[in-house]
Amino acid sequence: MSIIAVANQKGGVGKTTTVVNLGTALARKGKTVLCIDFDPQANLTSYVACEPGEETVATVMRAAALFQPADIGAAVCRSDKFGFDFLPADLRLSEADIYLATAMSRETVLRRMLEPLRQAYDYILIDCNPSLGLLLTNVLVASDKVIIPVQTQFFATQGLSALESVIRNVRMTLNPGLEIAGVLFTFRDRTSVSEAVTESLREQYAGTVFQTEISRRQEAINSTMMGKPAAGDIAREYAALADELTAMEG
Ligand SMILES: Nc1ncnc2c1ncn2[C@@H]1O[C@H](COP(=O)(O)OP(=O)(O)OP(=O)(O)O)[C@@H](O)[C@H]1O
Ligand SMILES: [Mg+2]
């Protein structure tokens with residue numbers, strides 16, 4: 001089994017879209033998948049049209065941080081439409097920075113929290129919020145791998161070195177096994193800017209870029225808007241990404 005973070009502190013690069021559609025693609029390959037919404041904006045939760053109950057990732061996180069008993073299983077929902085289980089979020093997750101500040105072992109709260117679920121799934125995908133704070137550190141400490149979606153547009157790599165340095169620091173301290181699964185090109189189109197950025201990043205990140213690229217398509221927007229798995233080219237591309245990922249696991 002693998003816990004995979006989908007992270008980039010840059011906003012709107014396709015993190016949530018990737019978690020949802022990669023999760024669906026892996027489920028269609030017969031894998032058991034849990035998607036975790038770890039963003040107080042709760043976009044993933046809206047995407048899968050979940051009406052969360054009282055228990056969400058926010059309440060479980062708070063309890064775990066305070067070493068209180070918490071039943072993470074009670075917060076897990078099921079989506080038959082997408083084919084995966086998921087852990088919804090809500091705005092209360094934004095309070096995490098406050099209670100984590102004084103919590104003991106504050107970087108390992110999510111890792112401890114996920115322990116009971118680890119063996120139940122082939123893949124756990126975590127949708128990160130667009131920032132480099134303690135929530136992201138918690139995700140990186142809990143994960144085996146990171147997928148970094150990058151828009152093939154100008155300024156795409158701004159901030160990438162900051163993310164890489166956080167990954168390096170987590171690897172040197174709390175999670176030596178953390179790997180970059182790959183940089184994933186998103187919003188790929190046939191403009192000369194997209195072509196040029198893709199070419200230069202493929203060179204710069206040689207060996208750590210997924211072969212699969214995700215195109216800029218209306219289908220992706222429709223999927224988000226209508227709360228259903230993407231169809232057409234986007235579905236095919238995320239299926240190819242799922243193939244690449246499972247091939248990596250050997
Ligand atoms: N391949 C694509 N082609 C066109 N539009 C896309 C594509 N992928 C995502 N989008 C759209 O771009 C917007 C941002 O995508 P998404 O929410 O997945 O990004 P994000 O990185 O999770 O954002 P945030 O940083 O705010 O969490 C959404 O409206 C989504 O529908
Ligand atoms: Mg998002």
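F187 lies in strand β7, residues 179-188, where strands (E, at least two residues) and helices (H or I, at least four) are DSSP runs numbered from the N terminus. Although F187 is not a glycine, its phi is positive, at about 55°.

F67 is not a glycine either, and has a positive phi of about 55°. You will find F67 in the loop between α3 (57-65) and β3 (77-79).

## How to read this model

This is a predicted model, in which local features need pLDDT of at least 70 and side-chain atom pairs count only at pLDDT 80 or more, while totals for chains, interfaces and linings use all residues. Residues are numbered from 1 along each chain as its sequence is written, chains are lettered from A and ligands numbered from 1 in the order in which they are written, and side-chain values use heavy atoms, with hydrogens and water left out.

## The fold as a whole

The chain has 10 helices and eight strands. Its radius of gyration, taken over C-alpha atoms, is 17 Å, close to the 18 Å that the globule rule gives for 250 residues, so the chain is as compact as a globular protein of that length. That rule is 2.2 Å times the number of residues to the power 0.38. Along the principal axes, the C-alpha atoms fill a box of roughly 55 × 40 × 35 Å.

## Around ligand 1

Ligand 1 is surrounded by 20 residues (a heavy atom within 4 Å); the closest are K15, T16, T17, S215 and T224. By class, this shell holds seven nonpolar, eight polar and five charged residues, with Gly counted among the polar ones.

An oxygen atom of ligand 1 is 2.7 Å from a polar side-chain atom of T224. For the side chain of K15, an N or O atom is 2.8 Å from a ligand oxygen, and a polar backbone atom of V13 is 3.0 Å from one. Taken alone, ligand 1 exposes 620 Å², of which the protein buries 83% (Shrake-Rupley method, 1.4 Å probe). Elements giving two or more residues to the shell are α1 (15-28), β8 (209-215) and α9 (218-226).

Note on methods. Polar contact = N/O pair within 3.5 Å; in protein donor to acceptor, adjacent residues only side chain to side chain.
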